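Please examine the sequence and the structure shown below.

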Amino acid sequence: MAYRKVDQRFPVHSQDLDTEGLPVTSLELEWDMEKELEENEFEGFEPDDSRQHHLGNSTGNTDLDMEFVQPSASPRGRFERLEEECDYVAQARAAPKNQQSNFPTKAKLFAAGIIIFICGLLIGYYGRKGTSKDVLENNVTTPTPPASSAAAPDDSKILQDVLQAIEGDSIRNFSRDFTLFAAESGQGSSAAHIMEQWTASGLTEIRLVNYTVLLSLPATDQNKIILTNSSQCFYPSGQQCSALPSAPLGRKEKNDLLYSYAAYSAKGSLEAEIIDVQYGTIDDLLRLQSSTNVTKKIALIKLGQAPLLYKLTLLLEAGFGGALVYIDPCDLPPREKIGNETFWLSLNPGGDPSTPGYPSVGGSFREHRTNLTSLLVQPVAASLAKSLLSSTEEPNRNGCFHLTNSSRVRKTIRLEVGKISEYKTIQNVIGFLKGSINPDKYVIVGSHHGNKEEPWTSSTSIITEIIKAIMSQVHQRHWRPNRSILFCCWGGTTFGNIGSYEWAEEMEPVLQNNAVAYINLFKPVMGNGSLNTVASPSLRQFAMDVIKMRFSLNCTNQKRCPGRKVNSIQVEGNSDFFINHLGVPTVQFVYQGTSASMGPGFLSEALVVHDASAAEALDPFFNLHEIVAKLTAEMILHIANDPVLPFNVLDVALEVQEQLTDESVASDQILTLANALRETAQLFQSDEMRPANNPKERDPAHLRMLNDVLQHVEKNFLLKQAPPGYYRNILYRLEESSKQFSILKEALNHSRLQRSNQTLSTVLSEVMNCIRSAQVYLKTGLDVFENIQNTKQQTNV
């Protein structure tokens, strides 16, 4: 994959200068001035090259445009410096005149003539130079200033115009267009159509990026669950095999998600007893450990309460050979009833399994990993789980019943799991809006696309509407943001965020230094209840400010007002690589159902066949879509355009202290480190952040260094390794109510299962190292700024 540099040099249409006979210094001066004008890309001039360079394909050069456009020196300053140098030369040349006093009269006259001749040359030179300088300065100061300086006074107006241009009706039209295209194209990729819509919305630098990856697809025949005692055969939906006709081969070719299966599961057959493990947590397994032999048994496990990949790891550790996964009806919101519907799971932690840790580009070694677990995993409907458990419990007050094996009837089944593995091409759509001052810094916005069964149209409709609104300002006002904005629509999301992983792995050397923030647009409207905002600690306060600012004036019905609480919890979607491998601050706005109706976390890991009309049923006028779009656009523009990044290091330190309130793991040493981090963050906030936010005190070099510190501070909290399903970034929690680092809580519970404190001691040491690293990082930044300030003061003295 390659990013080609877009040539945006503009010629200066000025009066031709007669340069014949000018000294070399004057010629160099004119060349420097023209070069300087080209480098600063004056918007008022016509481009001399109208060719559009799109972001290239995956077979080309992989470098992004790394040019850093520095603010140029003042033209007037450069002329004054040259004038001073010429005066010095003139004085040096005049000195020998006083040394000729003892010469004969003839020699004196000759010297006087030489002096008069030199003075004439100097007078003519300075007169001609001054005229040239006036012409140049007049032509330099007349055109429109570059976008960076011209847009600064109008940034608030530009933001207001962008937000005003975002409309729910327009988002609905985009959604209907994408939905219709997906229905008409069948299982074909929507990437090319998305690229067309982005081009029509004004974005010119766009490209498709292709990756050939290993996908786990359903087999021709559906998987089966057979009761060995009665020989009854059931499909995962709970219907008997004899009652449901075999699926045609065409479905397999279309990758129809009506097939209920777990991608990247092991395949084969296993006959064993079913064991009810409830949610499969450590507490559930501890209850079974003393009374039941679970070796090579099949676990009946509920989705939720913890990441499925983590729970499957616990099942493997305990000795299970297979797992039937279902959703308890009591865990669903009241209006959402899956019933006999089945769902689809992916057991892929992220990226192409055939190229783990490196991109799927030409020449890469590929491991043909047909499964990512040795367990036979099969999702089943709640009705089938109830039948297998022979549950007899009465429904609760909400009309549902928690499934459990209350009858203690032991059943043996034969589980048959089949699937196929094929290499397929997935596509990412990458759009690039180059920044004016810091084009090498990237604010990345991510949505996703897929086939007609996946709920992707809301995500892509919102990002397309944002592109249209921003690009209208780019074309109308000749404006560009401070930093570059990358608009991304990822493919292969449902198989394990493959598109975003492969692109980020390919671009990782660049993104490590240049990625400023990732703004997630994954499933933005999942309900019509409350607004749920997820942000990393450094962006949490700013996200709250944006929500408060947008809704404090026009929110009359408090029950319908968006919540202002912002959490740092694990979420699904394509932000995974940016959070866990790059340590990039992230933010995401999502409308969900009411908090009282939400079941345990991680139910969203189940993918149910998507109804194309679901978005309009939840939000018929697309008002919620409009709110999410405006909040997202405001975050994008502030992060991309504010001179000082709106990140808060003190909130990071406070988050660390909050996660250490549990006395079971909070030793004196780790508390001391957390307190030191907070003190350093407070100093950084008061000594560096506040002066930088004052334009009168702002120094460009200092500002660049300050933003670099803010950009990279969360990288200090990445663990080298974490349990499957857990974030490597320890700043994110598993659930909102947790008051302890999730990784520490898991280690504490795991030590009970292992009956050893070794894991806890290791993890505690890693967390302490993260806190220490962050404190040293901020302290070093303070020391560098202090040394620079002292050097400047000594120089001035």
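The model shown here is predicted. The chain is made up of 797 residues, and 52% of them count as buried. Its secondary structure comprises 22 helices and 17 strands. Among the contacts whose separation is 6 or more, 83% are between residues 24 or more positions apart.

Strand S17 covers residues 586-592. Of its 7 residues, 6 are buried, and the strand is therefore described as mostly covered, given that a residue counts as buried under 20% relative accessible area. Strand S17 is joined to two strands that are described here. With strand S14, residues 515-520, S17 runs parallel, and 3 bridges join the two. In this pairing, Asn 520 stands opposite Gln 588 of S17. With strand S15, residues 530-535, S17 runs antiparallel, and 6 bridges join them. Here Asn 532 has Val 590 of S17 as its bridge partner.

The next subject is a residue in a loop. Ser 265 is located between strand S4 (262-263) and strand S5 (268-278). Is this residue buried or exposed, Ser 265? Ser 265 counts as buried because its relative accessibility is 0%, and the limit for a buried residue is under 20%. When neighbours within four places in sequence are left aside, Ser 265 is in contact with Leu 347, Thr 370, Asn 371, Thr 373, Leu 375, Leu 376, Val 377, Val 417 and Lys 419. One of these residues, Val 377, also takes part through its backbone: its nitrogen lies 3.0 Å from the side chain of Ser 265. Ser 216 is 49 residues away from Ser 265 along the chain, and the C-alpha atoms of the two are separated by 8.4 Å.

Thr 464 belongs to helix H12, which spans residues 457-477. Thr 464 is buried because its relative accessible area is 0%. Within the chain, a polar atom of the Thr 464 side chain lies 2.6 Å from the backbone oxygen of Thr 460. Not counting residues up to four places away in sequence, Thr 464 touches Phe 174, Phe 178, Gln 197, Trp 198 and Ser 201.

Conventions. Residues are numbered from 1 along each chain as its sequence is written. This is a predicted model: local features need pLDDT of at least 70, side-chain atom pairs count only at pLDDT 80 or more; totals for chains, interfaces and linings use all residues. Side-chain values use heavy atoms; hydrogens and water are left out. Helices (H or I, at least four residues) and strands (E, at least two) are DSSP runs, numbered from the N terminus. Buried means under 20% relative accessible area, exposed over 50%, partly exposed in between (1.4 Å probe, protein chains only). Contact means heavy atoms within 4.5 Å. A polar contact is a pair of N or O atoms within 3.5 Å; within protein, one must be able to donate a hydrogen and the other to accept it, and residues adjacent in sequence count only if both atoms are side-chain atoms. Two strands pair if DSSP finds at least two bridges between them.
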